[in-house]
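Subject: Handing over the two-chain model

Hi,

Here is the structure I promised to pass on.

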Amino acid sequence: MATSPFAFPRFRIIFLISWLLVMADNVFLLLWSGWSWTLAITDSLVNNLLLFGVCLMLITIMRFYLPNREKYYHLVVWCALLSTIVVLLTRVILKNIFIQDDDYIKFLDQSMLIRGSFNFLMLGCIILISVIWYNLQEQKEQEQRKQDAEKLAKDAELFKLRQQLQPHFLFNSLNSINALIGTRPEEARKMVQQLSDFLRATIRKEEHQWITLQEELQNLQLYLDIEKVRFGHRLSTNIVVDESIKNLKLPSLLLQPIVENAIKFGLYDTTGETNIQISAEQEENNLLIKVINPFDPETSSPQYGTGFGLQSIQRRLYLLFARNDLLITDAKNNIFTTTVRIPQLTDKYFKPVS
Amino acid sequence: MKVIIIDDEPLARSIVAEYLQYHPDLVLAQVCGDGFEGVKAIQQYKPDLIFLDVQMPKINGFEMLELIDNPPDVIFTTAFDEYAIKAFETHAIDYLLKPFSLDRFDKAIQKWKEKKNLPASKTTQHFLDEADLSPAQSQRIVIKDGGKIKIIPVHDIFYLEAADDFVKVFTKEGYFLKNKTMSHFEQVLDGSQFVRSHRSYIINISQITRIDPYEKDNHIAILKSGAKVPVSRSGYPKLRTVLGL
């Protein structure tokens, strides 16, 4: 349902002022033609209050019923009909009030056409404004609906993506812990700790929250340490981040899936030793993060889309910054590079789009 | 009796090895870190039983089994794989969900020994033929080409042709033989991409350049590679529907 324009106080004031002006104009015209004050004011009140009532009715009706584009001629018919009714009613009422004033009644009859035309113009304006207003409202609503739908789809997508990875990761980690308990209980204890910290951080994170690079790197370290226990010497990591930029911020749950992706294709799907490199630097007003992983072109083909299911990250970046150029991937000589730029917004805008 | 463990995680291998110590009649012949090593070790040692992880690099556990003639008995070990679990449940082979206890492990061994003594026991080959493991693995086809293992992404396939008990998989490198049926491929390949145009042919529609009439009611599809693939009277409407004509 479209919002009525009267829901906005500013519109109400403008509407009332306009109406007072129209009434004043009516009074002035009659005075100027030589009629008395009483007569001029009464005439104006009757005429314009009736018109006012009809306008209110029109605006309200059109809130519920807006004709199709092909049926806009209906509005012209309404307009003509209503202006005729208003002018006839005005005539009946004024004739009854000033029943003895023959001159005025004569003037009234003569001015019927002018009054009718004026009413038609006024109502026409109101209808035009209403049509534009309600169409805009509808558009806005549609836009909102689309946004909501997109957000829902995105959330679902992200949830699905995480669901695919998490159970595997969780159960395999538990299996590793189970193996460690028998042979190296100290390490088992450490891994339980790491796994708990990692899961807690993942659960706590919310989509629209921004966190510092420092925090994100800590979580990543936990995740990578667990993977190192699972895969032993096969996995090595290099994290190169200058101390000075650790306070830069990024949306939560953004880097994590990129690194998970790197692990998925770089570690889960290759047989040799794997080195994952993560580096971050400041580039003008952006935080630039690079994740480099090897991949096997024989079993995984990065030629589709942005490669390797990073579409949801791309989508998310678009929803956050309305830009499609923030995620860049590159596959060369069995090396896959994911580069993500995160604009560092100024304080005023330092708030993710919700 | 000889046993082989195939798993890509060292600790996952070590827990199976540890549990195996309680079964002195089972000798651990080899541990393998991926499917390729697994194929080699199975050919070399001819084990009686293997413990096989499903999710492994490059080729998964099922794909590895497909590469072996007369595969040994298998106890699957897996963390979480909904398709696979469905397949396990409907078939008579045991599986261990990680992490599993020594008790559960002993039971699996017990079950295997009992089954082994029954003459009519289902073989691993049976399991592979019957289990519908398709959704998880229809992205590629794994083929043994001489001594080498060839992994073909499905979008690289031009077309498939039936050849007795085998199917010829045509790619830009020529064709490879896979010991599966046409109906198996019709099932596992994406129906919006692959169409059975003829009793003996399945076409990758993205490879088609044109379709010409050919003799009476038949047609012939010309592929980008220049290959001509027959389209039967009943295959033609199917092809048209998928192509949106």
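Below is what I found, starting with the whole complex and then going through a few places in each chain.

First, a word of caution: this is a predicted model. The predictor gives the complex an ipTM of 0.76 and a pTM of 0.67. For chain B, the average pLDDT is 86, and 91% of the residues score at least 70.

Now the two chains. Chain A has 354 residues, and 23% of them count as buried. You will find 9 helices and 7 strands in chain A. Chain B has 245 residues, with 35% of them buried, and its elements are 9 helices and 15 strands. I also looked at contacts between residues at least 6 apart in sequence. In chain A, 72% of these join residues at least 24 apart; in chain B, 54% of them do.

Where do the chains meet? On one side there are 22 residues of chain A, in contact with 18 residues of chain B. Two elements of chain A each give two or more residues to that side, namely helix H5 (112-183) and helix H7 (213-231). The largest share, 11 residues, comes from H5(A). By type, the chain A side divides into 7 nonpolar, 11 polar and 4 charged residues.

Helix H1 of chain A covers residues 9-32, which makes 24 residues. From its first C-alpha to its last it reaches 34 Å, close to the 34 Å expected at 1.5 Å a residue. Asn26(A), Val27(A) and Leu30(A) are buried in H1(A). As background, an α-helix has 3.6 residues a turn, so residues three or four places apart point the same way. The partner that the buried residues of H1(A) pack against is helix H2 (37-64) of chain A. Just after H1(A) comes Gly34(A), with a positive phi of about 100°.

Is Ile5(B) buried or exposed? Ile5(B) counts as buried because 26 other C-beta atoms lie within 10 Å, and the cut-off for buried is 20 or more. Leaving out residues up to four places away in sequence, Ile5(B) touches Arg13(B), Val16(B), Ala17(B), Leu28(B), Val31(B) and Phe51(B). Gly38(B) is 33 residues away from Ile5(B) along the chain, yet their C-alpha atoms are separated by 8.3 Å.

There is also a hairpin in chain B. Strand S6 (residues 140-145) and strand S7 (residues 148-153) of chain B run antiparallel and are joined by 6 bridges. One pair to look for is Val142(B) with its bridge partner Ile151(B) in S7(B). The hairpin has 2 residues between the strands, and Gly146(B) takes a positive phi near 65° there.

S13(B) is joined by 6 bridges to strand S14 (residues 218-223) of chain B, and Pro213(B) stands opposite His219(B) in S14(B).

Cheers

Terms used:
Residues numbered from 1 in each chain as written. Chains lettered and ligands numbered in written order. Predicted model: local features only at pLDDT ≥ 70, side-chain atom pairs only at ≥ 80, totals over all residues. Contact = placed C-beta atoms within 7 Å. Helix = DSSP H or I, 4+ residues; strand = E, 2+ residues; numbered from the N terminus. Nonpolar A, V, L, I, M, F, W, Y, C, P; charged D, E, K, R; others polar. Pairing = 2+ DSSP bridges. Buried ≥ 20, exposed ≤ 12 C-beta atoms within 10 Å, placed from the backbone. pLDDT = per-residue confidence, 0-100. Expected span 1.5 Å × (residues − 1).
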